[in-house]
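User: I am new to this kind of entry and would like to learn how to read helix packing and chain contacts. Could you take me through it step by step?

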Amino acid sequence: MHSLESYLYVSAILFALGLYAVVTRRNGIAVLMGVELILNSANLNFLAFARFGGVNLAGHIFALFVIIMAAAEAAVALAIVINIYKNYQSINVDEISALRQ
Amino acid sequence: MENHLLSWIVWIPVIGMVAVTLIPRDQTNAIKWTAAAAAGIQLIFSLILLARFDLTTGDFQMYESAQWIPSLNITYQLGVDGLSLPMVVLTAILFFIGVFVSWKIDKAVKGYFALLLLLDTGIVGVFLSLDFFLFYVFWEVMLLPMYFLIGMWGGPQREYAAIKFFLYTLVGSVLMLIAILALYFTCGHTFDMITIMETASPNLAGVTWWGLDAMKVIWILLFIGFAIKVPVFPFHTWLPLAHVEAPTAISVILAGILLKLGAYGLLRVNYAMLPDAVWWFAGAMAILGLINVVWGALCALAQKDLKKLVAYSSINHMGYAMIGMAAVIAAGAANGSNYAAAQAGLNGAVFQMFNHGTISAMLFILVGVIYDRAHHRDINGFGGLATSMPIYSGIVALAFFAGLGLPSLSGFVSEAMCFLGAFPVFRTIVILATIGILLNAAYFLWAFQRMFLGKLNEKYKDLPEINGRELFTVVPLAVITILFGIYPWPFLKYIGETMNVLIDQIVAIGGIAGVM
Amino acid sequence: MTENIFIDYSLLILFLPLVSFLILVFTGKRLPRQGDWVGIGAILTTLALSISMFVSMLIEYEPGFSHEASFSWINLSAFQVDLGFLVDNITIIMLLVVSLISSMTHIFSTKYLEGDIRYSRYYAYLGLFTFSMNGIVLANNLISLYMFWELVGVSSYLLIQHWFEKDSAADAAKKAFLTNRVGDIGFFIGIMLIFSTVGAFTYSDIFAGVADGTIGGTILTFAGIGLFLGAMGKSSQFPLHIWLPDAMEGPTPVSALMHAATMVAAGVYMSVRIFPLFTPDALTVVAYVGGFTALFAASIAITQNDIKKVLAYSTVSQLGYMILAVGTGAYIAGFFHLVTHAMFKACLFYCSGSVIHAMHHALHKKHDHETDPQDMRNMGGFKDKMPVTYATMLIATLAISGVPLFSGFLSKDAVLAGTLSFVIHHPEHFFLAICGFGAALITAFYMFRLIFMTFHGSPTKKELIDDIHESPKAMTYPLILLATLSFFIFYTLPSVNPISDHGWFKDLVVPQDSFVQDSAILSAHEIEEGMHHAHYLAMALSLLVAGLGIGLSWMMYYRKILSADEWAKKTGPMYNLSLNKYYFDENYQKYLIQPVLKLADKVAYIDWDLYDKYFINGFGRVTDWISRITGRLDYEGIDQTLVDGVGRSAGKMGSGLKQIQTGKLQNYLLFVLAGVIVILVFQTI
Amino acid sequence: MADAAFWLMALLTVASAVVVVHHDKLLYSAIALLFTFFGVAGLYIFLWADFLAAVQVVIYVGGILVLVIFGIMLTNKITTVNISHTSMQRGAGGLLVAFVLGSLGLMITKTPWLVQHAAEPDQTVATIGRLLMMDYLLPFEVASLLLLGALIGAATLSRREE
């Protein structure tokens, strides 16, 4: 059918799956992957609206920035994960409950 | 400066206070001279005020007005009339003198003079403000420095005295505040005192609260508020304590000016705004005045502490002023329209306020002089000082004679006027009050005899004579006392017209409603 | 002399002594001779002015002369007070008396107080006194009268305590002032009564008010009595007589000036001035007070041994005479007696001063500080040692005893004639006559007792007599002058009849009719008439009693035919009463002063220790108590139970809910998600 | 034809994403993520965003995914490559996510989307380049700074403590 909605559905599913990963995964890297999924879904939306909603190339630009941000985020996040691993010998998010104290 | 003379007079001490706080604390001389300069400039300005004062009118002059808090109808209003003028000048004189009296303060000099100047602004502000809110603010501004000045620089019981003074006056202020708010809401949501003077009487006529006449309720609230300051028996017991414990200059200001605030408030607020109730309460005021006179004199007679004696004499002297104030109803038709008596009484009362200001200031300064030298004030502990300190004794004699109302000294004129005014209306009360004349003489002369006459107490044969600085503080007051005693007209001409306005107001009410 | 010059002179007379006072107070000690010449110069100028006024009065010879000048003192539209002067013949005579005696005192004191530590102060106070006394004399209204009235009180206070190192002097000064104040209260009430009805203070306005009935009846009576109370205080009338004998603690010249001749006479002068407003009832009171005082004081004087005390009581008694004269309507006779009495009583005091001076020096030489130099029992036989003093004192004594040829005879006779005529008109008041003649008898007796004890007989202290010397000239000249003025001739010129008081005085000082509208009041003319009728009878009686008194005294103290001691024993209780002045001081002390002081103590105790401590502080304590309770309620009830309860339950809930706080980020995220959904749901709904 | 291709791409994306989310083995998840990224890149092409598709492949696949795998390798022993990485709160999470998905789907369906059909741009790269250098110059520069910051931050964070 190739319409706006179809892209939106795909994006929504991707978003939901990313969210699910963020909420359920124990491993920090896996959580990070979930985040990447969410960002991808967002990008998909941007582009879909660029194509169908008359946003035109501005959507592309935004998507580009999101990708840039995702890259930066991934770099920093992974650095943090490695750091955590160094401190806790684990990157399982649920074991790191310093927030509770 | 041209048109804001009153504001200058009010705020100069604050400028001085700021200057004082900017001086490093160890430069005590600079602090003292700055304070003296501020007080001196204020005195000069108040003398300019005197020169510019228009004698032909009894209304407010040199009126200043500015918006302050428009949403509540609060304005910054100043004005002077014959009632506030002498009080302002008296305040300026006594503060100028007070700075020099305080010259020997050596504890926290900076704080002391800063507070003293703040107190100055508070007091002058009360005398000059024509907006009730401003009036109340100044009234409270004055309270706090006084508390600290007594509480920190006072005698052995200073904390107790200070807290007592504070609580007493606070009770008064609270009652006053209630009354002020009542007036605010009944007189068209305004704090403007002149407007309230015009509208309070008609607006409150016939209004009752819980079955009580609203006017009387407000009157009583205000009366108690001011009576505490006067002080009127039975609200007087803060006074001896506060006077005794306060440092000399503060006693001077307490007796010289603070007590006048009460009487001033009675005339400015109670009399001018609610003249109806004056008719109803004048008798009680005369009786309270009588009690003040006799009670104060008897208490003074029994004192062994010179300062306390002088403090009780203040109660006694303010009693005369109360009697004089009550005399105002003599002008009413019901009392034979004796306008002369009302004039004598009311002018006498204001004159008495002023005279008590100068005389009691003189007395307290003199008490301070001997206390600085002998470090006690026990009347019986001296004896024969006239031999070792002749000049001091001479001035004390003058002050005592002024205190006992010797003719040719100002106290006599005002006391006589109070009595002459009140006599047609309150004959018995006045006759009883004349006993006060005798008791006055008794306690002053007895104290004089015990301290200065008889054999010289060997302990004090080398007491140094009163020095130049102390003479400088006392002599101006003595000169004022003598001048106004011999020829009171230069004083009375300033207040006469305003008093006529006040009398007319009260008579007008009496003419309509008769004696309530 | 024009009237304006009278006013100018009066102003000078009034203010010159004040100027001298001011100069001496501020610069006295630094001036050569401590500045006594300033005071003397001022008073002599005053005297010269007074004499010139007096002379011009004699030249003009105008009985009704009167001139007033006043200025506005207070001028509020309705309440007006004018102060001013009234110069008439009475004033002029009085001014002369005051200036003369004051001048004599100034001169006398140069020797009497030589070397005194407060010499310049003394002269300063004399100036103040002269100023205020002249003020009283010149006043034309009650307010300035009252002001000067109290000022003389002050100068009296200051001069009595001249030697304030002595407690007795300090006590006496205070007593004098306070006793006077008692009288002044009455005075002031009188002023208020008059002002509240008449609305004025000047004599003329008041008299006008009395005349047209603005004031009258009981109020006027009470006003009169009130004013008279002031006179009683100043003139030391019973029962306010107690201060005058004590006032003798002051230097003797002061006693002569103030406490014999002038200041105490101010009461009489005032009564004379305001006589026209006394109602018959008031006059009766006046008469009885005066009469009783005359007799009463005389009865005390008999037994006193202190030479100055005798003279003091004699003064009280003589002042009583004058008051009696006012009360009986013969007020001009009272004024006449005032003038003559001023001369001879001042003379007597100076003489006693001279004697005391001599005694003092003699004792000083012997280094005797125990013997009282004023006690007559230590004197005797001074006649030859002090001839001038003796002669002058004798003359003055003859004058006061009412012996013909002397001034006292004339004036006393006039007073007694007035009394007699009054008693003849009103027989129910016969007591007044008894007082008058009885006092005359006793006066003659004790005055000669004084003379005999002091100057005659053999000296009691033989060792002293050699050192007793006549006083220096500065002291004797005033004696001679005043003794001379005690002869009748100076008051009767141009008439030279020694038994009739017709002369310039009688011509120039004419009585005024009373303004009181009351049928019982006799006119001045009627009183004159009555006095004229009673004149000879009174003269005869007064001569009789004077002779009797002198004779008794002669027998008892000169020839010692009658023993004074035995008489004293015979009349034991009476004698003791008299000797102790009827215990007045003691009773006043016991029943008046002590109770007042005790009351004051009580009041102060109530005020400070009861009222303030319990009642006022009670508020504090009650507040404290309430605040303690509310504090407990607040802390234990509200804070601990309620507020903390909330906290505790929150804590419990928290520890329960803590379980939720896993610290796992994802849990939180889940909750956030749940929250978002809830919001979404609600929004959609 | 295009539809079929689209659906294929969509299916690839969703399926591989499900694997990412669900697979027990971390490395498998990472590999699955590769396919997701490719699928998304394919979808971009359908949306006329050829440039972005390229960027997606280069950055995500060439950069981020390599980074992720490095992360996995660095934090696990090389021998335990297929280390299990369990999940938690699956039930609640699943439920809520399903709810979110449901509401999103509902929203997508119900919203009357305003669709504007524009012509396919002939050269996106040039346009994007012009936009970036002109209209979005500032964000572009900021983004470069951000990257620089991220670079330095990541280096600092992962540096071994002395």
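User: At roughly what angle do the axes of helix 16 of chain C and helix 17 of chain C cross?

Analyst: Please keep in mind that this is a predicted model. The axes of helix 16 (residues 407–425) and helix 17 (residues 430–455) of chain C come within 8 Å and cross at roughly 160°. An angle over 145 degrees counts as roughly antiparallel, and helix 16 of chain C and helix 17 of chain C are therefore roughly antiparallel to each other. The crossing in which helix 16 of chain C passes helix 17 of chain C is left-handed.

User: Which residues of helix 16 of chain C and helix 17 of chain C meet?

Analyst: From helix 16 of chain C come residues including Leu416(C), Leu420(C) and Phe422(C), and among those they meet in helix 17 of chain C are Phe430(C), Gly436(C) and Phe437(C). By class, the residues of this contact between helix 16 and helix 17 of chain C are 10 nonpolar, two polar and one charged.

User: Turning to whole chains, which pair of chains has the most contacts?

Analyst: Of the four pairs of chains that touch, chains A and D have the most contacts, with 61 residues taken from chain A and 66 residues from chain D. On the side of chain A that touches chain D, helix 1 (4–24), helix 2 (28–52) and helix 3 (57–88) of chain A each give two or more residues, and helix 3 of chain A supplies the largest share, 21 residues. That side of chain A has 45 nonpolar, 10 polar and six charged residues.

User: How far apart are the closest C-alpha atoms of chain A and chain B?

Analyst: They lie 49 Å apart, and no contact joins chain A and chain B. Chain B and chain D are likewise joined by no contact, and their closest C-alpha atoms lie 49 Å apart.

Terms used: Residues are numbered from 1 along each chain as its sequence is written. Chains are lettered from A and ligands numbered from 1 in the order in which they are written. This is a predicted model: local features need pLDDT of at least 70, side-chain atom pairs count only at pLDDT 80 or more; totals for chains, interfaces and linings use all residues. Two residues are in contact if their C-beta atoms, placed from the backbone, lie within 7 Å. Helices (H or I, at least four residues) and strands (E, at least two) are DSSP runs, numbered from the N terminus. Ala, Val, Leu, Ile, Met, Phe, Trp, Tyr, Cys and Pro count as nonpolar, Asp, Glu, Lys and Arg as charged, and the others, Gly among them, as polar. Axes are lines fitted to C-alpha atoms, for helices over the stretch in contact, and angles run from 0 to 180 degrees between N-to-C directions. Angles under 35 degrees count as roughly parallel, over 145 as roughly antiparallel, 65 to 115 as roughly perpendicular and the rest as oblique. A crossing is left-handed if the near helix is turned anticlockwise from the far one by less than a right angle, and right-handed if clockwise.
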